[in-house]
Amino acid sequence: QGPGAGIGGDILAGGWRRGTQGVGFWGGDTGGGIRFSETSVDGARVNLTEYPCSKALIGGTWKATVMQPCLTGVSGGAAIDTTRYSDGLHSIHHCVTDFAGNVGCTGDGTFAIDNNAPAHPRNLALAGGEAWRRIDDFDFSWANPDQGPASPIWGAFWRITGPAGYDTGVQFAPGQNVAALPDR
């Protein structure tokens, strides 16, 4: 019977992830025990953990020195630097290998990365043009940059400055793909 593997941690906690994220993994075997495990992102190994086993190198081959040479239950963790990957969806899985060479893997988990801020908005426009007005009431609009596979825009920071030191300070307008600020 082959070993079983498990995976979890911050990287699989849902939502969009950025920076360094933790991954936890574990495995179990009822035979000779777990010799090593590996975690892969998008099919490329990002972590390899070798566990202690009672073994000896005999004739160029590792041989067990006791009946159950490796630990039957193992666990560990690793840090994954998401800045090494493009923004968007990625897959992760974990495999364990027992002393006899049997492999057990988790299914692919999916996580989303967004390490890059969006580009500046395009085509800022003031409703009614830029002429002088009698009433202090302005409506602004703009075109959002394409986010590609990254997370959607969830708000816009804005600030209005003017003569004699007028300054609204930096404000935040929440909303998915917000592209207008009415009544400023």
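## Briefing on the predicted model

F157 lies in strand β14, which spans residues 155-158. The structure is a predicted model. Together with V170 and F172, F157 forms a nonpolar patch on the surface. The points below cover the nonpolar cores, the surface patch, strand pairing, salt bridges and selected backbone angles.

**Nonpolar cores**

- The largest nonpolar core holds 15 residues, and I11, V23, V41, I80, I92 and F111 touch the most other members.
- Two or more residues of this core come from each of the elements β3 (20-28), β4 (34-41), β8 (73-81), β9 (88-98) and β11 (109-113).
- Strand β8 gives the most to this core, with three residues.
- With residues up to four places away in sequence left out, I80 touches I11, G19, T20, Q21, V23, V41, V46, Y85 and I92.
- A second, separate core has six residues, among them W142, A156, W158 and A173.

**Surface patch**

- The patch made of F157, V170 and F172 has about 350 Å² of accessible area together.
- F157 itself counts as exposed because its relative accessibility is 63%, and the cut-off for exposed is over 50%.

- G24 has its place in strand β3.
- G24 counts as buried because its relative accessibility is 19%, and buried means under 20%.
- Leaving aside residues up to four places away in sequence, the contacts of G24 are G6, I7, G8, G9, G76 and G77.
- G24 and T72 are 48 residues apart along the chain, and their C-alpha atoms are separated by 17 Å.

- Strand β6 (residues 55-58) pairs with strand β7 (residues 61-64) over four bridges, in the antiparallel sense.
- Within this pairing, K55 stands opposite A64 in β7.
- Two residues lie between the strands of the hairpin, and G59 takes a positive phi near 60° there.
- K55 also takes part in a salt bridge with E50.

**Open sheet of β12, β13 and β16**

- Strands of a sheet pair through backbone hydrogen bonds, either parallel or antiparallel.
- Here three strands form an open sheet in the order β12-β13-β16, and the pairing is antiparallel.
- The edge strands are β12 (122-126) and β16, each of which pairs on one side only.
- Strand β13 (residues 140-143) is joined to β16 by two bridges, and these strands run antiparallel.
- S141 stands opposite A180 in β16.

**Salt bridges**

- Side chains of opposite charge can pair when their charged atoms come close.
- The structure holds three salt bridges.
- E38 forms a salt bridge with R45, in which the closest N and O atoms are 3.3 Å apart.
- E38 counts as partly exposed, since its relative accessibility is 22%.
- E50 and K55 meet through their side chains in a salt bridge, at 3.0 Å from N to O.
- D167 is partly exposed, with a relative accessible area of 35%.

**Positive phi in residues other than glycine**

- D42 has a positive phi near 55° and is a residue other than glycine.
- D42 is found in the loop between β4 and β5 (44-50).
- The relative accessible area of D42 is 39%, so D42 is partly exposed.
- N177, also a residue other than glycine, has a positive phi near 55°.
- N177 is found in the loop between β15 (171-174) and β16 (180-181).
- The relative accessible area of N177 is 42%, so N177 is partly exposed.

Conventions
Residues are numbered from 1 along each chain as its sequence is written. This is a predicted model: local features need pLDDT of at least 70, side-chain atom pairs count only at pLDDT 80 or more; totals for chains, interfaces and linings use all residues. Side-chain values use heavy atoms; hydrogens and water are left out. Patches are made of residues with over 30% relative accessible area and no salt bridge: like charges are joined within 9 Å, nonpolar side chains (Val, Leu, Ile, Met, Phe, Trp, Tyr) within 5 Å. Accessible areas come from the Shrake-Rupley method with a 1.4 Å probe; for residues, only the protein chains shown count as cover. A salt bridge is a side-chain nitrogen of Lys or Arg within 4 Å of a carboxyl oxygen of Asp or Glu. Buried means under 20% relative accessible area, exposed over 50%, partly exposed in between (1.4 Å probe, protein chains only). Two strands pair if DSSP finds at least two bridges between them. A nonpolar core is a set of buried Ala, Val, Leu, Ile, Met, Phe, Trp, Tyr and Cys residues joined through side-chain atoms within 4.5 Å. Contact means heavy atoms within 4.5 Å.
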